[in-house]
Amino acid sequence: MREIVLATRPQGEPKESDFELREVDAREPGDGEVLVRNVFVSVDPYMRGRMTGIRTYVDGFDVGAAIVGGAVGRVVASRHEGLSEGDWVSSMLGWRDGGIVEGSTLRKLDPRVAPPSTALGALGMPGFTAWIGLEDVGQVKDGETIYVSGAAGAVGSAAVQIAKRKGLRVIGSAGSEEKVEWLRSLGTEAFNYRETPAREALADGIDVYFDNVGGDQLEAALTALRPFGRVIACGSISRYNDEKPQPGPRNMAFIVTKRLRVQGFIVTDHTDRFGDFVRQVGPWVADGTFEARETVIEGLENVPAAFAGLFHGENTGKMLVRVGPDG
Ligand code: NDP
């Protein structure tokens, strides 16, 4: 089997030469273990932070080690009760053709309910991030106005659709006209932040900001927020490739004067709510009224390019790499 390892820590933007593809021997599963063949692997912005090697809420990746992360695949051989050959499972196998996993760490997927790839997007970590951010962190309410940056990405596109269903007025931003058109088709007001500065687009004011981007957009949102507004601080992708820390928003004083609540969160702190999320959003994905859009790149060797593409807006919806056939 092949796997992708971190060859060197990226400086600035990640490059393909920061990674290497290597061959590893496969072995038979032991007691309680399962051999899984990956079909889809996930590339996610948080992986950039792990590549620095600095521990934050999670350990850094070691140079020379395979990149672990979300993956969906099929069981090839099982010595774990409850999993059989052919079952679809989601795992943390990461950027590999597949491998041996403790069966107890796998989530079995039912392909009759939703396409298995959605376990990495709308019905997986990104969708859950959007849901928990709105539901528990921001506690958004019917009638409020929310601004979502990075709105055409995996988390953002889930956030705008959930917020619409909860009765909010939704404004989203993204980096191309095609993405803006798609966001409008989802019933949101949308703008291209490369063409229209966020401070202009948000001039009417907002109650809540779902921040995926940080930087200038956070500054614009702090200006646009009404008194007692909230920031759901989810991520700041515009800063992930900085080689040294950049100054923050110049208008932090608004947090005091407008009595704003800025709440960061990490989705993995909320796993006890995952079942509630799937019960609510699962039926919407299953009946097709919730768009679980994906951008799918082909081939394990192209995983580093797909990852780098996240920082250039090359994805609409969830960015995935197909590394093997379905069947
Ligand atoms: P996305 O699918 O949104 O992909 C990244 C997108 O970010 C790109 O498509 C691009 O879209 C946009 N982008 C990239 N660079 C910039 C930039 N400099 N300025 C503005 N936009 C940029 O990724 P995810 O949905 O997986 O993640 C979205 C955010 O949520 C990230 O910040 C991530 O770290 C965070 N996150 C946080 C979690 C938590 O627990 N707190 C869990 C999961 C994700 P465009 O074309 O619009 O520029």
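Start with the residues around the largest cavity: by class, five are nonpolar, four polar and three charged. Here Ala, Val, Leu, Ile, Met, Phe, Trp, Tyr, Cys and Pro count as nonpolar, Asp, Glu, Lys and Arg as charged, and the others, Gly among them, as polar. The model is predicted: local features need pLDDT of at least 70 and side-chain atom pairs count only at pLDDT 80 or more, while totals for chains, interfaces and linings use all residues. Residues are numbered from 1 along each chain as its sequence is written, and side-chain values use heavy atoms, with hydrogens and water left out.

**The largest cavity**

Select G121, A122, A154, S157, A158, Q161, F290, E291, A292, R293, G317 and K318, which form the lining. On a 1 Å grid over the protein atoms alone, a cavity is a set of points where a 1.4 Å probe fits but cannot get out; a pocket is an open set with protein on both sides within 12 Å along at least five of seven lines; lining residues have an atom within 4 Å of a point. The volume of the largest cavity is about 70 Å³, a volume being the space filled by probe spheres set on the points, with grid points joined across faces, edges and corners. Colour helix 3 (residues 154–165), which gives the most to this lining, with four residues. Helices (H or I, at least four residues) are DSSP runs, numbered from the N terminus.

**The two domains**

Next colour domain 1 (2–121 + 292–322) and domain 2 (125–268); their bounds come from an automatic or database domain assignment. Why does the largest cavity lie between them? Both domains give residues to its lining, so it lies between them. The C-alpha centres of domain 1 and domain 2 are 28 Å apart. In contact (heavy atoms within 4.5 Å) are 20 residues of domain 1 and 14 residues of domain 2.

**The second largest pocket**

Now select T52, Y240, D242, E243 and K244, the closest to the centre of the second largest pocket among its 13 lining residues. This pocket holds about 270 Å³ of space. Its lining has three nonpolar, four polar and six charged residues, and each of domain 1 and domain 2 supplies at least three residues.

**Helix 2 and helix 8**

Show helix 2 (residues 125–137) and helix 8 (residues 274–286), whose axes come within 10 Å and cross at roughly 100 degrees. Axes are lines fitted to C-alpha atoms, for helices over the stretch in contact, and angles run from 0 to 180 degrees between N-to-C directions. Helix 2 is therefore roughly perpendicular to helix 8, a label for angles of 65 to 115 degrees. G127, F128, W131 and E135 in helix 2 meet F274, D276, F277, Q280 and V281 in helix 8.

Finish at F274, in helix 8. F274 and F128 are 146 residues apart in sequence and 6.9 Å apart in space, C-alpha to C-alpha.

Methods:
Helices (H or I, at least four residues) and strands (E, at least two) are DSSP runs, numbered from the N terminus. Angles under 35 degrees count as roughly parallel, over 145 as roughly antiparallel, 65 to 115 as roughly perpendicular and the rest as oblique.
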